[in-house]
Amino acid sequence: MSLSVFFLCLAFIPLALCAVPPPTGFLLNCGSTDEIVTENLKFVPDEGFISVGNSSTLKTPNLLPILSTLRYFPDESAKKYCYVIPVVKGGKYLVKTTYYYGGFDGGNQPPVFDQIIDGSKWSTVNTTGDYANGLTSYYEIVVAAMGKTISICLARNEMTVSSPFITVLELENMDASVYNSTDLTKHALNVVARHSFGSNDDIVSFPDDRYNRFWQPFMDSNPVVESHSNITPSDFWNMPPVKVFNSAITTSRGKTLQLLWPNASLPSSNYYIALYFQDNRTPSPYSWRVFSVSINGQKFFDNLNVTTDGVMVYGAHWRLSGLIEINMTPGDGIPVGPVISAGEIFQMLPLGGRTLTRDVLGMEDLARGFNNPPSDWSGDPCLPKNHSWTGVICTTGKLARVVTLNLTKIGLAGSLSPSVANLTALTHLWLGGNKLSGPIPDMSEMHELQSLRLEDNDFEGSFPESLGQLMNLQEIYLQNNNLNGTVPGTLRKRLGINLKVSPGNHFSMLA
């Protein structure tokens, strides 16, 4: 079960008209052909961000328009189904995926599947419990853009019995200060819990939260107090919304405030924790309190001074597992008990490496050259390891390289892009038995190439002289094309080479 799943009750999303500018990014209404405005946010159709999948319109009565369409992916042969969204390299982004099943496939139980961010598995999507309770599920993650695009992909796993689907996809640009204690080139921040304590109101989101983060209400048996002053979000690195400080939980003078949060048991992992505090009283010289914070018996912050201006404390790489107990112990002589307004917990998701940029660019150009590339040729070509593009084999390590490309007899049409030369680690290039046409591009930089199979296509032009420069090349299949020119004697005489250039071409042989 994914820890990042939250519940969005369909009856409690008010339409808010406001002057707050919308988040910078992309809000996609998946499977729809129409724009939809809700909470003063404009969601646009997902066309142009994905090239695969089918659309479905749900017939559930009284369903919010934003939840009434979805995109699903019935192709069982594809290793993944990817949205590719343009971003600013080095930027920080909040990615949110929303799922509402609605029985689109005629069944009564949602499929279970994985979601992938760039080349790393993000989480498993299991909305079964939520759907049974009439609820929508959503997942959030904070990532850095390692290139000029971010890919968000769905993929089947061993539990998938029907088509993966998605209802809404959001990508919002975040300021550099937000969650800045984490090296997002090594970890993503997978949201586990984000709550406004002492609140039983609706979810706090946009326009109160400029990034449209979702803050769930949280109540326990502790006393609740209301705030008598407002904080300034820009005073906090993470820019929490003012509204989550409207209420807080507290306890009596001299007592330790105990908070069991979140309600779920956490798997053993490293976590980023941010806690938000404010003295709820009317501002005065006496409106402050001091207490110490511990998590599962470990010191988190000693002698924290909380005033009406509010304060945030955070910790990265905290090793946690199981249920979490946060204790706030008052200092000696403090006339009021501890108080806490809000909190966030993220699982620190180690990133699974990436594919070398030149290989990514080369593969993307290859895909554009084909009229009908495999449906999963989008996103990272190599990663995650079990979800590389169809026909692609890569090395492992911090920077993956493409070493084999085998698309033999799959009905490819189009041309072979000159960018294939970017694939300098390629050892096997097998594209035989297709309908590819045009010239064979220069391959002089592909020094690792051992086997080239382009037979039974419609290639034309001269025999590629660059092949004679590739000393590791031991197999060349070019028969049954429309090539002409000469075959270098250095290739014909190379010891052990398997050279097939006829029938079907018009070659002369050089001594």
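**A close look at Lys-80**

Mentor: Happy to. The backbone oxygen of Leu-383 lies 2.8 Å from a polar atom of the Lys-80 side chain. Keep in mind as we go that this is a predicted model.

Now for the setting. Lys-80 sits in the loop between strand E6 (69-72) and strand E7 (81-86). Its relative accessibility is 1%, and because buried means under 20%, Lys-80 counts as buried. If we set aside the neighbours within four places in sequence, the residues in contact with Lys-80 include Cys-153, Leu-154 and Ala-155. Also in contact with Lys-80 are Asp-376, Ser-378, Asp-380, Leu-383, His-387 and Trp-389. For a sense of distance, take Asn-372: 292 residues separate Lys-80 from Asn-372 in sequence, while their C-alpha atoms are 16 Å apart in space.

Let us turn to the sheet. Six strands form an open sheet in the order E28-E30-E32-E34-E36-E38, and the pairing is mixed. At its edges are strand E28 (392-394) and strand E38 (498-500), each of which pairs on one side only. On average, neighbouring strands of this sheet are turned by 10° against each other, direction ignored. E28 runs antiparallel to strand E30 (residues 402-406), and three bridges join the two. Within this pair, Cys-394 stands opposite Val-402 in E30.

Terms used
Residues are numbered from 1 along each chain as its sequence is written. This is a predicted model: local features need pLDDT of at least 70, side-chain atom pairs count only at pLDDT 80 or more; totals for chains, interfaces and linings use all residues. Side-chain values use heavy atoms; hydrogens and water are left out. Two strands pair if DSSP finds at least two bridges between them. Helices (H or I, at least four residues) and strands (E, at least two) are DSSP runs, numbered from the N terminus. Axes are lines fitted to C-alpha atoms, for helices over the stretch in contact, and angles run from 0 to 180 degrees between N-to-C directions. Buried means under 20% relative accessible area, exposed over 50%, partly exposed in between (1.4 Å probe, protein chains only). Contact means heavy atoms within 4.5 Å. A polar contact is a pair of N or O atoms within 3.5 Å; within protein, one must be able to donate a hydrogen and the other to accept it, and residues adjacent in sequence count only if both atoms are side-chain atoms.
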